[in-house]
Structure formats: C-alpha cells, structure tokens
Amino acid sequence: MTQENLICPSIWQICEQRYLSQPQTYLTMQEQYGVNVNLLLLAEELDCQGIGITAEQWMSLTKEIKDWENNILKPYRSLRKLAKSSFSQEEYQKMLDVELMMERKAQKLILHRMNKLAPQSIGDNLKHYLAFFNLEANAFTPQAEAV
C-alpha cells in the first residue's frame, strides 16, 4: 500500500453504515466525552482493516480536525439545537443537511491528512484515540441496537 493510498474516500461509506447500526452509541460518546464521531468510526475501521497509526499521529490528526470542529461545526451544531423549537420540521431538516455537509467536509480534511501519514503499527487505533479522552478502549463497546 502506498502512502498516497492509505485510505480511500469509500471508507466513509463503511463508517456511515457502522454509525447507522447504532447512532445513539456514537452520539452518546460525542455528547458525554467530546469524542469526534468521524475519528471514532475511522479508528474502528482502521483496526478492522489492520491499518495502524501511532498515538503521535492520532494526536496530530485530532488537533487538525479539532480546529475545524471548534470554529465551524460545534457553533453551528449549538445554533441548530437552539433553533429546533423555532423552526418547522422542513426548516430544521435543512439545518441538519447543512450540518451533514460540514461533517462531510471534516471527513475530507481527515482523509487528506490520513493520506499524508505512513502506517506505523497494526491495530490499537481505537485505544490511541480514546486515550485522549482518558477512556479505555473497552469503555466504548458498540452493540447493535434493537430494530
């Protein structure tokens, strides 16, 4: 695998399917611990694919995406939540669509940064990422939600 092709854009489709299987689990991690759902999903998928990056590389990736998140995404998300009771369902859905567009932009930023990294190890991505939140990997135990 070449450095330029560490991951491809289709990884987000896999991550989205994982997210859709248990959205509340991921949202809980986001709301309770400040975890970035895209990075959490990415860590899981990289572990599944046997692609590992070091804790230092995770730190760099997390720092880079945190600027986007703190300056753009989080303020918009807060505004959307505040506006929910003031908007019709259609208007609120448009706000959700804009937030999803911002999430997709974040995924592109992550992908761009990831493809500049060289894999250094196998596995432990979930462990490395959750360590930034003082969480053990077993603190995040996804389970399929009832249908």
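Which residue just after H3 takes a positive phi? Glycine 50 does, with a phi of about 75 degrees. The model is predicted, so local features need pLDDT of at least 70 and side-chain atom pairs count only at pLDDT 80 or more, while totals for chains, interfaces and linings use all residues. Residues are numbered from 1 along each chain as its sequence is written, and side-chain values use heavy atoms, with hydrogens and water left out.

Helix H3 covers residues 37–49; helices here are DSSP runs of H or I with at least four residues, numbered from the N terminus. Its 13 residues should span 18 Å at 1.5 Å a residue, and the end C-alpha atoms are 18 Å apart, which agrees. The expected span is 1.5 Å times one less than the number of residues.

H3 is mostly covered, with 10 of its 13 residues buried (under 20% relative accessible area, with a 1.4 Å probe and protein chains only). Among them are Val37, Asn38, Glu44 and Glu45. The cover includes helix H1 (11–21), helix H2 (23–33), helix H4 (55–83), helix H5 (89–114) and helix H6 (125–131).

Two of these neighbours can be followed in turn. The axes of H3 and H5 come within 11 Å and cross at roughly 45 degrees. That angle makes H3 oblique to H5, a class for angles that are not under 35 degrees (roughly parallel), over 145 (roughly antiparallel) or 65 to 115 (roughly perpendicular). Axes are lines fitted to C-alpha atoms, for helices over the stretch in contact, and angles run from 0 to 180 degrees between N-to-C directions. Asn38, Leu39, Leu42 and Leu46 in H3 meet Glu103, Ala106, Gln107, Ile110 and Met114 in H5, where contact means heavy atoms within 4.5 Å.

With H4, the axis of H3 comes within 12 Å and crosses at roughly 150 degrees. H3 is therefore roughly antiparallel to H4. On the H3 side the contact is made by Leu39, Leu42, Ala43 and Leu46, and on the H4 side by Trp58, Leu61, Thr62 and Ile65.

Leucine 126 belongs to helix H6. This leucine counts as buried because its relative accessibility is 14%. Its C-alpha atom is separated by 8.6 Å from that of leucine 42, 84 residues apart along the chain. Leaving aside neighbours within four places in sequence, leucine 126 is in contact with Leu40, Ala43, Glu44, Asp47, Ala137 and Phe140.

Notes:
Helices (H or I, at least four residues) and strands (E, at least two) are DSSP runs, numbered from the N terminus. Buried means under 20% relative accessible area, exposed over 50%, partly exposed in between (1.4 Å probe, protein chains only).
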